[in-house]
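Student: I have a new structure to look at, and I would like to learn how to read its features one at a time. Could you take me through it slowly?

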Number of protein chains: 2
Amino acid sequence: MIRILGIDPGSQRTGIGVIDVAADGRCAYVHCEALKLLDAEDFPSRLGLLCEGLERVLDDWQPTHVAIETVFMDKSATSALKLGHARGAALATVVRRKIGISEYAPRVIKQSLVGRGAADKTQVQHMVRLLLNLADMKLQADAADALAVALTHAHMSATAGRTGLAVHQLRRRGA
Amino acid sequence: MIRILGIDPGSQRTGIGVIDVAADGRCAYVHCEALKLLDAEDFPSRLGLLCEGLERVLDDWQPTHVAIETVFMDKSATSALKLGHARGAALATVVRRKIGISEYAPRVIKQSLVGRGAADKTQVQHMVRLLLNLADMKLQADAADALAVALTHAHMSATAGRTGLAVHQLRRRGA
């Protein structure tokens, strides 16, 4: 069994989602939450909260792999800079624990979950609920997006297993 | 005496500069280096190297304050994103140690060291050498920039002390 932590990084809220993947490829929901960072005193403190929250999740749930969304570059330089700060803080926290990281482009996540790279966010969230049997659970958008990237990694790893592709090659796809 | 660590963050090289400031405001050179991050296997590992190098410097030199340059936003979204990652990883490492952080805009650093916000980089590096008696020392550009932001914090703190301004107010200047 592998345990995947999905991260949807943001400087206001960072989504966290944890799933288990059985040997037969079936995925089960474990945990999700959204780290709220806006209460911090200033911007550096937000990054501190992000890292503290992420380390708590890493300690509590001990994932064997981390999956994170790449940035879709329709953003302004200002928002790219802010998002880069959050993503950099998150990646640095994970990589220092020697846990493998895979990155997936938004359209790869949509393709993997909905079958269409141009799917909208609500469709992705619908599929997250369906695949993880979360019909009745209140699910924050950021947490759902984090579960989506974790599910994408589960699907891509399964595909890689069948085709003999190494996971690190998949990482380059859609990068 | 206060000990200031200046950081010039970058995703290829991150400059580090440490100075001591005596009670009379005189600054003395302590240490500088450039963390080389390009040898890392992938981008997340670069951020890991950055944090490891920064933690080593924090352990070795025990600064009482950290100063870092804000980003001058003439950059493309792509380079802002990369720089954001490096800066976010650095800020998160520092803020988690509960060390105070001050941020200074490039023009504030130039104004503080050269007396002119539009000064060029070589003038700033010249003043770093002059102020810290480093005439004969080989000084990498990134390390010199890190010393420059540390010196700026020393000057601004001294000014704040004379005028009764709190340092956290100065942080907002030119942000």
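## Reading the features

Tutor: Arg116(A) counts as partly exposed, because its relative accessibility is 43%, where buried means under 20% relative accessible area, exposed means over 50% and partly exposed lies in between (1.4 Å probe, protein chains only). Before going on, note that this is a predicted model, in which local features need pLDDT of at least 70 and side-chain atom pairs count only at pLDDT 80 or more, while totals for chains, interfaces and linings use all residues. Residues are numbered from 1 along each chain as its sequence is written, chains are lettered from A and ligands numbered from 1 in the order in which they are written, and side-chain values use heavy atoms, with hydrogens and water left out.

Student: Where in chain A is Arg116(A) placed, and which residues does Arg116(A) touch?

Tutor: Helices (H or I, at least four residues) and strands (E, at least two) are DSSP runs, numbered from the N terminus. Arg116(A) sits in the loop between α3 (106–114) and α4 (121–131) of chain A. Contact means heavy atoms within 4.5 Å, and, not counting residues up to four places away in sequence, Arg116(A) touches Lys110(A), Gln111(A) and Gln123(A). A polar contact is a pair of N or O atoms within 3.5 Å; within protein, one must be able to donate a hydrogen and the other to accept it, and residues adjacent in sequence count only if both atoms are side-chain atoms. The side chains of Arg116(A) and Gln123(A) make such a polar contact, at 3.3 Å.

Student: How should I read the length of a helix such as α2 of chain A, and why does its span agree with its number of residues?

Tutor: The expected span of a helix is 1.5 Å times one less than its number of residues. Helix α2 (residues 77–95) of chain A has 19 residues and should therefore span 27 Å, and its end C-alpha atoms are 25 Å apart, which agrees.

Student: Is Arg87(A) buried or exposed, and what does Arg87(A) contact?

Tutor: Arg87(A) lies in helix α2 of chain A and is buried, with a relative accessible area of 4%. Leaving aside neighbours within four places in sequence, Arg87(A) is in contact with residues including Pro9(A), Glu69(A), Glu103(A) and His85(B). With His85(B) there is also a polar contact between the side chains, at 3.0 Å.

Student: How much area do chain A and chain B bury between them?

Tutor: The size of an interface is often given as the accessible area lost when the parts come together. Buried area is the accessible area (1.4 Å probe) that two parts lose on being put together, summed over both. Here chain A and chain B bury about 2300 Å² between them, 66% of it on carbon and sulfur atoms. Pro44(A), Leu81(A) and Arg96(A) supply 25% of the area that chain A buries against chain B, more than any other three residues. The contact takes 30 residues from each of chain A and chain B.

Student: What does Cys51(A) contact?

Tutor: Cys51(A), in helix α1 (residues 43–61) of chain A, counts as buried at 2% relative accessibility. Leaving aside neighbours within four places in sequence, Cys51(A) is in contact with Ala89(A), Thr93(A), Ala92(B) and Arg96(B).

Student: Which residues does UniProt place under "active site"?

Tutor: UniProt positions are given in the numbering used here, with feature names shortened, and annotations may be inferred rather than shown by experiment. In an unreviewed entry, UniProt places "active site" at Asp8(A), Glu69(A) and Asp142(A). These residues span 135 residues in sequence, yet no two of their C-alpha atoms are more than 11.7 Å apart, so they gather at one spot. The lining of the second largest pocket includes Asp8(A), Glu69(A) and Asp142(A); on a 1 Å grid over the protein atoms alone, a pocket is an open set of points with protein on both sides within 12 Å along at least five of seven lines, and lining residues have an atom within 4 Å of a point.

Student: In which helix is Asp142(A) found, and which side chain does Asp142(A) join in a polar contact?

Tutor: Asp142(A) is found in helix α5 (residues 141–163) of chain A, and a polar contact of 2.9 Å joins its side chain to that of Arg13(A). Asp142(A) is buried, with a relative accessible area of 16%.

Key: 1 Å grid on protein atoms, 1.4 Å probe; cavity = no way out; pocket = protein on both sides within 12 Å on 5 of 7 lines; lining within 4 Å.
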